[in-house]
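Here are a few exercises to work through with the model open in your viewer. Try each one yourself before you read the solution.

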Amino acid sequence: MSLKLRLIRIAVISTTAWLFFSYVLVPLKIQGKSMEPTYHDGGFGFCWRQRFLFSPPDYGDVIAIRFSGRSVVLLKRVVALAGDTVEFRRGSLYVNGRQVGEPYVKYRLDWNLPPRTVKPGRVYVIGDNRGVPMSRHHFGQVNMQRILGGVL
Amino acid sequence: MITTRNTVILLVILGLVAAGFIILRSTPEKQVRKQLDQLVESVDKEPGEPTMTTLTKIGAMGKLFADTCQVTVDRPPMEGEFSRKEVMDRINMARNYFSELHLRLHDVSILLPTDSRAKVLLTLRIHGIHDNEENIDTRELELILDRKDRKWMFSRVKVVEVLEQ
């Protein structure tokens with residue numbers, strides 16, 4: 001194989017890999033314990049950018065939420081959709097007045113949160129680790145425009 | 001004598017000078033970025049920080065804020081106009097709480113709507129250690145810096161509420 005052909009091949013592979021890992025399957029290095037035990041601190045995952053291209057996020061989906069850019073994202077689980085009412089009673093999650101079974105939650109503290117309705121264009125997200133005080137856990141409703149994709 | 005070789009050397013030197021000028025010249029964006037770096041450097045705290053270093057950092061930090069600063073924080077809720085001293089006191093409280101504190105800025109975007117105003121959007125990663133327990137937090141910040149007497153100073157700090165409980 002000629003040097004020219006080899007260089008072209010390297011360029012094509014590099015560009016394809018860059019495009020794939022920037023816009024299709026973005027690698028994530030997990031820092032923090034808010035999604036324990038589903039995702040561990042120091043673990044590794046992927047954000048599938050096209051996950052919600054044809055269908056919006058649904059109950060139970062784990063999503064990546066962006067801040068001012070894409071370098072740092074939050075991993076959270078969708079527990080309620082627009083129009084739903086969310087509340088916590090003694091650590092149990094209630095959506096529209098019904099208790100939600102959450103097999104992914106292993107650690108649970110006595111969280112209490114009065115009912116609130118999810119606004120249009122938003123979803124309500126919470127981490128799986130409920131073993132920390134509610135005041136120290138980032139959760140709440142997020143604008144759908146901040147959703148980068150689904151987490152694998 | 002003008003030869004092709006001399007012309008090429010001259011062009012390379014001119015190119016390097018032009019590149020150096022472009023890289024090194026101080027633009028408003030670079031000045032704003034420098035203030036952000038200065039803020040991070042002043043807030044950062046290593047374990048067992050000497051008192052002299054603390055005082056130097058507090059002094060440097062004070063020069064970064066305008067006389068009054070509009071502060072908006074979602075959790076714990078706090079909104080209002082604070083004097084430079086009040087802002088400094090709050091930052092110092094946070095610094096004293098942690099035995100070690102590090103800030104990291106990500107995805108910084110700087111807009112200059114006017115010659116004397118800069119709007120900055122960034123993601124702030126806070127890594128602090130208190131009682132041997134690690135605290136990691138991430139916040140999106142919206143900052144306004146105003147230019148006064150050729151110096152950029154923070155005049156508004158807003159913590160953007162990404163997740164609304």
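The exercises below cover the chain contact, salt bridges, aromatic rings and one serine.

This is a predicted model, in which local features need pLDDT of at least 70, side-chain atom pairs count only at pLDDT 80 or more, and totals for chains, interfaces and linings use all residues. Residues are numbered from 1 along each chain as its sequence is written, chains are lettered from A and ligands numbered from 1 in the order in which they are written, and side-chain values use heavy atoms, with hydrogens and water left out.

**Exercise 1. Describe the contact of chain B and chain A.**

Step 1: count residues. Taking contact as heavy atoms within 4.5 Å, chain A brings 27 residues and chain B 18 residues.

Step 2: get the area. The two chains bury about 1900 Å², with 47% of it on carbon and sulfur atoms; buried area here is the accessible area (1.4 Å probe) that two parts lose on being put together, summed over both. On the chain B side, B:Leu163, B:Glu164 and B:Gln165 lose the most, together 38% of what that side buries.

Step 3: look for polar links. The interface has 15 residue pairs in polar contact, both residues at pLDDT 80 or more. That term means N or O atoms within 3.5 Å, where within protein one must be able to donate a hydrogen and the other to accept it, and residues adjacent in sequence count only if both atoms are side-chain atoms.

Step 4: Strands E3 (100-114), E4 (117-130) and E5 (133-148) of chain B each give two or more residues, and E5(B) supplies the largest share, six residues. Helices (H or I, at least four residues) and strands (E, at least two) are DSSP runs, numbered from the N terminus.

**Exercise 2. Find salt bridges across the interface, then inside chain B.**

Step 1: apply the rule, a side-chain nitrogen of Lys or Arg within 4 Å of a carboxyl oxygen of Asp or Glu. It finds four salt bridges across the interface.

Step 2: check examples. B:Glu140 meets A:Arg146 at 2.7 Å, N to O, and A:Lys119 pairs with B:Glu164 at 2.9 Å. A:Lys119 lies in the loop between strands E8 (113-117) and E9 of chain A and B:Glu164 in the segment after strand E6 (151-160) of chain B, so this pair joins two chains.

Step 3: go inside chain B. B:Glu49 and B:Arg95 come within 2.8 Å, closest N to O. B:Glu49 sits in the loop between helices H2 (28-43) and H3 (51-62), and B:Arg95 in helix H4 (residues 84-97), 46 residues apart. Both are buried, which means under 20% relative accessible area, with exposed over 50% and partly exposed in between (1.4 Å probe, protein chains only).

**Exercise 3. Which geometry does the ring pair A:Phe88 and A:Phe139 have?**

Step 1: recall the cut-offs. Rings of Phe, Tyr and Trp (its six-membered ring) pair if their centres lie within 6.5 Å; planes under 30 degrees apart are stacked, over 60 edge-to-face and the rest tilted. The count comes to 10 aromatic pairs over all chains.

Step 2: classify. The centres are 6.3 Å apart and the planes at 80°, so A:Phe88 and A:Phe139 are edge-to-face. Both residues are buried.

**Exercise 4. Where is A:Ser22, and what is it in contact with?**

Step 1: locate A:Ser22 in helix H1 (residues 3-23) of chain A. At 14% relative accessibility, A:Ser22 counts as buried.

Step 2: leaving aside neighbours within four places in sequence, A:Ser22 is in contact with A:Arg49 and A:Arg70.
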